[in-house]
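Subject: Structure for you to look at

Hello,

Here is the structure I said I would pass on. Please open it first and then read the notes below it.

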Amino acid sequence: MKKLSARRRHPLAALVVLLFALAATGGLYAAFAPAGSAKADTSPQQSLAIAEGKKLFATGCSSCHGLEGQGTSDGPSLVGVGSAAVDFQVGTGRMPAQQPGPQVEKHKVIYSQSEIDQLAAYVATFGPGPSVPSKDQYSTTDPSAVAAGGELFRTNCAQCHNFAGEGGALSEGKFAPSLKGVSAKHIYEAMLTGPQNMPSFPDTTMPEKQKQEIVAFVTHTTSGDNPNYGGLGLGRLGPVTEGLFGWIFALGALIGVAIWIAARTTKAKKS
Amino acid sequence: MSSQDNMSEEHLPEAAEPHGTGLSVKDDPFADPGLPPHEPRRTDVDERAARRAERQVALLFVVSMLATVAFLVSYAVIDNSKTIYVWPFGHVLQMNFVLGLTLGVALFCIGAGAVHWARTLMSDEEHPSERHPIEADPDVRAKVLADFKQGAEESGFGRRKLIRNTMFGALGLLPLSALWLFRDLGPLPTTKLEHTAWSKGKLLVNMNTDQPLKASDIQTGSLTFAKPQGVEESDEDFQEVMAKAALMIVRIAPEDIKSRQSAEWGYEGVLAYSKICTHVGCPISLYEQQTHHVLCPCHQSTFDLSDAGKVIFGPAGHPLPQLRISVNSQGYLEALGDFTKPVGPGYWERSA
């Protein structure tokens, strides 16, 4: 104890105390905070976030979605989309949309995560909707999750996103994007909320555990370290690229060899 | 030092005369020009060039041998769970990569050696061989015909009609035994293609959770796949049954449903459609929740689920069949009967 008090005037003492205090607050919050509950948080911080979010919304979103999020001819209503939809759309840079088109694409993220949280808190007040998942909702340590997720992925997702999550074309310029490099949270939120033309997979038809398994499979399959055991993956797009590659390169090489076999040999001639 | 300098001039022949039966082009522009004159290759006239070509061929064969040995060794030595990064393939299994590479080199070098050998050292002189009529000469033909007639006479084939007719009978009946086996391709499907495993009162069971679905489980904009109650994945004929019974369930806001029949056949906007494309039977479930379109990945047929599964694009000839559903007393979704139209692609006997 004596040792500790002797150092109380050390220049870094204040910093250490501050770090301890922060860790203790964070730990207590994590221990007592209700995980993933959808009930409205009425704490002062939350009302502050909602107030800040309202300002951000009025500046950045209301021109298309309306001042109360009721929707206009330029943008859909946000009543009942929940904070998860905001976290996905703004967190992947899809919103604010740059221009109308068949599909709003991924862009550079414009808002900081704290601003996104404030926006999400405000939009969540429009009506009850799915809230941003916590880490233990979208991650799992179960080693069998990848295999189970693969089966679920092929039943529910592979028709649009391709069996390896490479994405694919839909009608009239729309497409299912590649899942490569998408964070676990955003994959989970997309399944929960059904952004744009993607259908949603609510907990009532696909329980949280199955979503976790799908996230585990997608993360595993699209990771750059996941080997292509057979060699050249060719984008893992299936028979189209494989056929094209075969016709162009394999047949090209065979034609080259055939030309070599049949070509006239160099003749010895007097110059 | 270019190979041209290497050539011993004294070995080179004088300009060669054309050989073969060519005619002068001046007289008849369509005449057979015959074979071009044979010219010797460098290796034909220069012993040093020939020896060099020989060494090249041998080198290719030796490379093939080394590659085969490398194949044998790497199969025994390499840890078959180790992956390596190879540009441009990315991360590949080391063993697969090395085995493929060595076997490829071994095979290619044998072929390349043989081709190089043929091109440089084997004789490249062309020897035309004229075609002759394949018909036998009249004497031989006359003898064969006479022999045949004599044989037919001696066998009594024309005279002993009993033998002849029973032999024809035996030979004619025998192929029936082969044809008879085809009856196992039957029986004819009769009305099998018009019915699925759905029937009145069967609950809609979620493919993900294996639990019966309630109407309240299906949210607007969601997509769910279902199977009929009582069909288990462990069943022997599961795939066969699901090939016709596969179902997708969507929920569309009632004001967005264009067809009144669609709305009536659903339950509060919950609509159930066959998952099998009516063009050639691909499973379709590329559902766009804002447009309510379902796209078939095989030939881009597009169906509007808000309008009784109408074909709005592509080669499909029939709308996507909708299953009539309702809820039972406990709130579970149930079928009100089978599909009223055959699911999947058209067929000859299809009535509508």
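How many salt bridges are there over all chains? The count comes to 18, where a salt bridge is a side-chain nitrogen of Lys or Arg within 4 Å of a carboxyl oxygen of Asp or Glu.

Before the details, some ground rules. This is a predicted model, in which local features need pLDDT of at least 70 and side-chain atom pairs count only at pLDDT 80 or more, while totals for chains, interfaces and linings use all residues. Residues are numbered from 1 along each chain as its sequence is written, chains are lettered from A and ligands numbered from 1 in the order in which they are written, and side-chain values use heavy atoms, with hydrogens and water left out.

Confidence
The pLDDT is the predictor's confidence in each residue, from 0 to 100. Chain A has a mean pLDDT of 85, with 94% of its residues at 70 or more. Within chain A, helix α1 (residues 2–6) has the lowest confidence, with a mean of 67, and helix α8 (residues 145–156) the highest, at 93.

The chains
Helices (H or I, at least four residues) and strands (E, at least two) are DSSP runs, numbered from the N terminus. Chain A contains 12 helices and two strands. Its radius of gyration, taken over C-alpha atoms, is 27 Å, well over the 18 Å that the globule rule (2.2 Å times the number of residues to the power 0.38) gives for 271 residues, so chain A is more spread out than a compact globule. Chain B has eight helices and 13 strands. Its radius of gyration is 38 Å, whereas a compact globule of 352 residues would have one near 20 Å.

Buried means under 20% relative accessible area, exposed over 50%, and partly exposed in between (1.4 Å probe, protein chains only). Of the residues in chain A, 37% count as buried; in chain B the share is 34%.

Salt bridges
Lys209(A) and Glu213(A) form a salt bridge, at 2.9 Å from N to O. The two are four residues apart in helix α11 (residues 208–222) of chain A, or about one helical turn. Lys209(A) is exposed at 51%, and Glu213(A) is buried at 8%.

In chain B, Asp124(B) pairs with Arg41(B), with the closest N and O atoms 3.7 Å apart. Arg41(B) is buried, at 3% relative accessible area, and Asp124(B) is partly exposed, at 21%. Salt bridges with shared partners join Lys267(A), Arg41(B), Asp44(B) and Asp124(B) into one network.

The disulfide
There is one disulfide over all chains, a disulfide being a pair of cysteine sulfur atoms within 2.5 Å. The disulfide joins Cys282(B) to Cys298(B), with 2.1 Å from S to S. Cys282(B) lies in the loop between β6 (270–274) and β7 (286–288) of chain B and Cys298(B) in the loop between β8 (293–295) and β9 (302–304) of chain B, so the link ties together parts 16 residues apart in sequence. Cys282(B) is buried at 13%, while Cys298(B) is partly exposed at 35%. Cys296(B) is in no disulfide; the nearest cysteine sulfur, that of Cys277(B), is 3.8 Å away.

Regards
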